[in-house]
Amino acid sequence: MKLVLASKNPHKLLEMQTILGQLGLEVVLERDVGVDVDVEETGTTFEENALLKARAVMEASGMAAIADDSGLMVDALNGAPGVYSARYGGLDSDSARTALLLHNLEGVPEERRTARFVSAIACVLPDGRVVTARGVCEGRILFETRGSNGFGYDPVFYVPQLGKTFAEAGGSEKNAVSHRGNALKEFLHAWKEAGIC
């Protein structure tokens with residue numbers, strides 16, 4: 001079965017393809033099926049936004065669609081940037097948003113820089129069935145960037161389990177513990193439970 005990823009992000013596509021390929025699922029970007037949908041993320045939770053995106057792409061393409069909404073929640077910032085991670089501070093680049101995050105954490109000691117990445121995945125099928133999952137990865141925010149892999153806040157998100165930032169980890173290393181990797185593992189289980197072929 002082919003799933004249309006409600007995203008234009010090739011990094012997300014690669015992570016999805018790697019894990020969902022285990023189910024024999026083919027994941028493609030919107031543009032691969034001639035769809036270009038911009039969904040206003042009006043949800044107040046990651047789950048609501050994932051469902052909004054998946055449903056919009058399913059309706060536009062007529063095909064099963066999968067979406068991920070994910071973000072960084074920093075305890076010292078009362079959970080910010082949260083669902084606004086990709087639009088934090090109204091800035092339009094990963095490096096600018098990361099710089100703002102570090103600025104907003106100035107003076108916060110290491111032990112209070114705890115954070116987690118959260119990922120919610122939703123798949124909407126044309127027959128109305130919905131499969132959802134959620135994954136979390138715990139870590140902390142460093143004082144400066146480290147590494148050049150990944151995207152978003154990866155260079156400042158240190159994962160004790162890995163002993164490095166997401167941006168210092170290789171793809172398979174990151175997928176093994178990441179929020180999206182964890183959500184996709186939960187999704188695999190939910191998909192099988194739903195008996196979808």
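This briefing covers aromatic ring pairs and the charged side chains placed over rings. The model is predicted, so local features need pLDDT of at least 70 and side-chain atom pairs count only at pLDDT 80 or more, while totals for chains, interfaces and linings use all residues. Residues are numbered from 1 along each chain as its sequence is written, and side-chain values use heavy atoms, with hydrogens and water left out. A search of the whole structure finds four aromatic pairs, where rings of Phe, Tyr and Trp (its six-membered ring) pair if their centres lie within 6.5 Å, and planes under 30 degrees apart count as stacked, over 60 as edge-to-face and the rest as tilted.

**Phe-117 and Phe-166**
- Phe-117 and Phe-166 form a stacked pair, with 5.8 Å centre to centre and 15 degrees between the planes.
- This pair links distant parts of the chain, 49 residues apart, with Phe-117 in strand β4 (residues 114–124) and Phe-166 in the loop between β7 (164–165) and α4 (171–177); strands (E, at least two residues) and helices (H or I, at least four) are DSSP runs, numbered from the N terminus.
- Phe-117 is buried at 6% relative accessible area and Phe-166 is buried at 0%, buried meaning under 20%, exposed over 50% and partly exposed in between (1.4 Å probe, protein chains only).
- Phe-117, Phe-157 and Phe-166 form one aromatic cluster.

**Charges over rings**
- Lys-174 lies over the face of Phe-166, at 5.2 Å from the ring centre, the criterion being NZ of Lys or CZ of Arg within 6 Å of the ring centre and within 35 degrees of the ring normal.
- The charged end of Arg-113 sits over the ring of Phe-143, 3.9 Å from its centre.
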